[in-house]
Amino acid sequence: KTNVTSTMHICWGAQAGLYYHYGVHKHLLKEKVFGVYEFKVHHRKEPLLRGFDDVFYSPHSRYTVCDHDEIVNNENLVVLADDEKLGECIVISKDGKQIFVLGHLEYDRLTLDSEYKRDLKKHIPITLPENYYTNDDPNTKPLLRWRGAANALFSNWINYYVYQNTPYEWE
């Protein structure tokens, strides 16, 4: 908290970070959120979102969701991207020191594919990842639709929230 200019929390880490820093609870879902989903961008002038389109795609794979009301009613948090069905995807503290990414923009093209096929082999009940395979055919190469948003997010975080805010003393 003292020597770090900004921390990015991802997925379960984001849920834990929201609880630790702001008391936001998580809730178990009836079904796993599993696939690639479209999110609407808000607060376009926030440096974290530079280079983002009006909407972007993000992979998700989780059984829990953070309490929407606790997020939107917290005066220290700002929702930067969300979806009506899935809720928040990117949340930031007003001071920029805490960033919460509730999806998996860091996933590569085949991460959801590997998870799906792994669970099938283990006979774990799993649905086909939504909005992932061409024509919902798991024998096709999954479409990669989130790389631009991922590159922008991580580059913006490092540049605007870490690099430019880290104090340096020259001797």
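This is a predicted model: local features need pLDDT of at least 70, side-chain atom pairs count only at pLDDT 80 or more; totals for chains, interfaces and linings use all residues.
Start with the strands. Six of them make up an open sheet, and from one side to the other they run S1-S6-S5-S4-S2-S3, with mixed pairing. To find the edges, select residues 7-10 for strand S1 and 55-66 for strand S3; each of these pairs on one side only. Looking along the sheet, the twist from one strand to the next averages 30°.

Next, select strand S2, residues 26-41. On one side, S2 pairs with S3 in the antiparallel sense, over 11 bridges. Pick Gly-35 to see an example: its bridge partner is His-60 in S3.

Keep S2 and S3 on display and select helix H3, residues 111-121. This helix packs on the sheet and touches both S2 and S3. Relative to the direction of S2, that of H3 makes about 150°.

Finally, select helix H1, residues 12-22, together with strands S5 (87-93) and S6 (98-101). Which strands does H1 lie across? The list is S1, S2, S3, S4, S5 and S6. The helix runs at about 140° to S6.

Terms used. Residues are numbered from 1 along each chain as its sequence is written. Side-chain values use heavy atoms; hydrogens and water are left out. Two strands pair if DSSP finds at least two bridges between them. Helices (H or I, at least four residues) and strands (E, at least two) are DSSP runs, numbered from the N terminus. Axes are lines fitted to C-alpha atoms, for helices over the stretch in contact, and angles run from 0 to 180 degrees between N-to-C directions. Contact means heavy atoms within 4.5 Å.
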